[in-house]
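Please look over the model shown here.

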Amino acid sequence: MTYHWSLTCSGCPTDAAPDGLPTVCPECGAPWLVRYERAPEPGLKTLLAARPWTMWRYREWLPLLDGEAPVTLGEGGTPLLDAPRLAERAGVAKLWIKDESMNPTGSFKARGLSAAVTRARHAGAQGFTVPTAGNAGVATSAYGRRAGLPVHVFAPRTTPPRILEQVRTFGAELQLLDGHIGDCGKAARAHAAAHGSFDMSTLREPYRIEGKKTLGLEVAEQLGWQLPDAAIYPTGGGTGLIGMWIAFRDLLAAGWVTGKAPRLYSVQSEGCAPVVQAFEQRASRTEPWPNPETVAAGLRVPAPLGGPIILRALEETGGEALAVSDEALSRAADAMATSEAVDACPEGGATLAALHTLVQRGSIGADESVVLFNTGAGWLYRS
Ligand SMILES: *Cc1c(COP(=O)(O)O)cnc(C)c1O
């Protein structure tokens, strides 16, 4: 097997070949990051015109073998919508909403799971187990099914009912637990070990980040190979934020775009804000958040494994982490629907609430361009 990538540890100087079913670094337990042998040539841009608008149009940037067909449902290629009314209200020159609710399974989790299931199937996985705050469970169920493999989902009992209904729709086994995603993670790992199933937990395998990286590639292409000044991302486990950090850095290094990497902003809920706490204390890792509570299910991640990488991405790009209240994020989600007709999830609403705070603080200027990420569909959260 000739892979055009290898794995490099995010926490210590260990490298590995991507054989078998990689999990985390065996030396230090930190997540792996993927490193490619060479960066795709900017000349490849001309090939893109003839390719379908799914995330796999960037196959040279992704962990896909020569001639290999990915496990796909047409994920990616979501609209980057101009939001002039919200831009004016917030006081920024240019505002876009990357509407990830248009993905298969209704959230951007589709990107990560398409990549991760593709690699795990190739490596011979016999089934998948996933702990979830909601949308990762739906996406794992769908992509697992697409690969013809069984899926077992562990979710908090408090997960929005329609999300749970979607998990069942794709035929996964669903186990509801008291507690949060961390509690589900323990149960999921025990189940995976006992049943020979592969654990798809956030950052416990290297490829969900690679799928999420396409968020950054797509934004750059949709802006005509230009980068925005800032991007605001609702952060739970942080895969999308880490993926975009890598995407923008690699696009710049490979000469596909020029200028400066966008400042990345992490928004969390006041009811679960471990990244914000660490950022404000200038710590290099997050502390577990006691009693996480928020209506934004995807942000209810009290102890993200990728905390140190998220903090590095914020620091390196000159961004920030900030928390907004559940009330503010819910109101902002409504505003996205009523002023720009984007049916935003609560997590998506959080990015708009954060934008207002960042402009007031002077962190984002009136002449700047900003991308907000509506990471999932609002209807999934209504009962
Ligand atoms: C999972 C999720 C998030 C958080 O994403 P991470 O990559 O885990 O930070 C945000 N919004 C929605 C809708 C999600 O499902």
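## A strand, a helix, a strand

Phe154 stands opposite Gln175 in E8. This is a predicted model. Further along, Pro156 faces Leu177 of E8. The two strands involved, E7 and E8, pair in the parallel sense, and five bridges link them. From E7 the chain passes through H5 and on to E8, a β-α-β crossover that is right-handed.

Strands of a sheet in general pair through backbone hydrogen bonds, either parallel or antiparallel. The open sheet here has four strands, in the order E8-E7-E6-E9, with parallel pairing. Which strands stand at its edges? They are E8 and strand E9 (198–199). Each has a single partner strand, so one side of each is left without a neighbour in the sheet.

## The helix in the crossover

Helix H5 covers residues 161–169. Its buried residues are Ile163, Leu164, Gln166 and Val167. Where do they sit around the axis? They cover an arc of only 155°, which puts them on the same side of H5. An α-helix has 3.6 residues a turn, so residues three or four places apart point the same way.

What lies over these buried residues of H5? The cover includes helix H4 (135–146), strand E7 (151–156) and strand E8 (173–177). After H5 comes Gly171, with a positive phi near 80°.

## An antiparallel sheet

A second open sheet has three strands, in the order E2-E1-E3. Its pairing is antiparallel. Strand E2 (15–16) and strand E3 (32–36) stand at the edges. Each of the two has a single partner strand, so one side of each lacks a neighbour in the sheet.

Strand E1 takes in residues 5–9. Five bridges join E1 to E3, and the two run antiparallel. Leu7 has Val34 of E3 as its bridge partner, while Cys9 has Trp32 in E3. E1 also pairs with E2, in the antiparallel sense, over two bridges. A hairpin of five linking residues joins E1 to E2.

Is E1 mostly covered or mostly exposed? It is mostly covered: four of its five residues are buried.

## Three domains

The protein chain is divided into domain 1 (5–61), domain 2 (80–107 + 207–381) and domain 3 (109–199). The centres of domain 1 and domain 2, taken over C-alpha atoms, are separated by 22 Å. Their contact takes 23 residues from domain 1 and 21 residues from domain 2.

## The largest core

In soluble globular proteins, nonpolar side chains tend to be buried together. The largest nonpolar core in this model has 43 residues. Trp225, Ile242, Leu251, Trp256 and Phe373 have the most contacts inside it. Several elements supply at least two residues each. They are helix H7 (207–222), strand E10 (230–234), helix H8 (239–253), helix H9 (274–280), helix H10 (307–317) and strand E13 (369–374). H8 gives the most, with eight residues. Why does this core lie between domain 1 and domain 2? Both domains give residues to it, so it lies between them.

Leaving out residues up to four places away in sequence, Phe373 touches Lys98, Leu215, Val219, Ala231, Ile232, Tyr233, Pro234, Met244, Gly348 and Thr351.

Thr214 is found in helix H7. Is Thr214 buried or exposed? Thr214 has a relative accessible area of 0%, so it is buried, as the cut-off is under 20%. Not counting residues up to four places away in sequence, Thr214 touches Met55, Tyr58, Leu62 and Arg111.

Gly259 is found in the loop between H8 and strand E11 (263–269). Its relative accessible area is 65%, so Gly259 is exposed, for which the cut-off is over 50%. Gly259 and Gln226 are 33 residues apart along the chain. Their C-alpha atoms are separated by 8.2 Å.

Terms used. Residues are numbered from 1 along each chain as its sequence is written. This is a predicted model: local features need pLDDT of at least 70, side-chain atom pairs count only at pLDDT 80 or more; totals for chains, interfaces and linings use all residues. Side-chain values use heavy atoms; hydrogens and water are left out. A nonpolar core is a set of buried Ala, Val, Leu, Ile, Met, Phe, Trp, Tyr and Cys residues joined through side-chain atoms within 4.5 Å. Buried means under 20% relative accessible area, exposed over 50%, partly exposed in between (1.4 Å probe, protein chains only). Domain bounds come from an automatic or database domain assignment. Contact means heavy atoms within 4.5 Å. The arc is that of the directions from the helix axis to the C-beta atoms. Two strands pair if DSSP finds at least two bridges between them. A crossover is right-handed if, with the strands pointing away from the viewer, the path from the first strand over the helix to the second runs clockwise.
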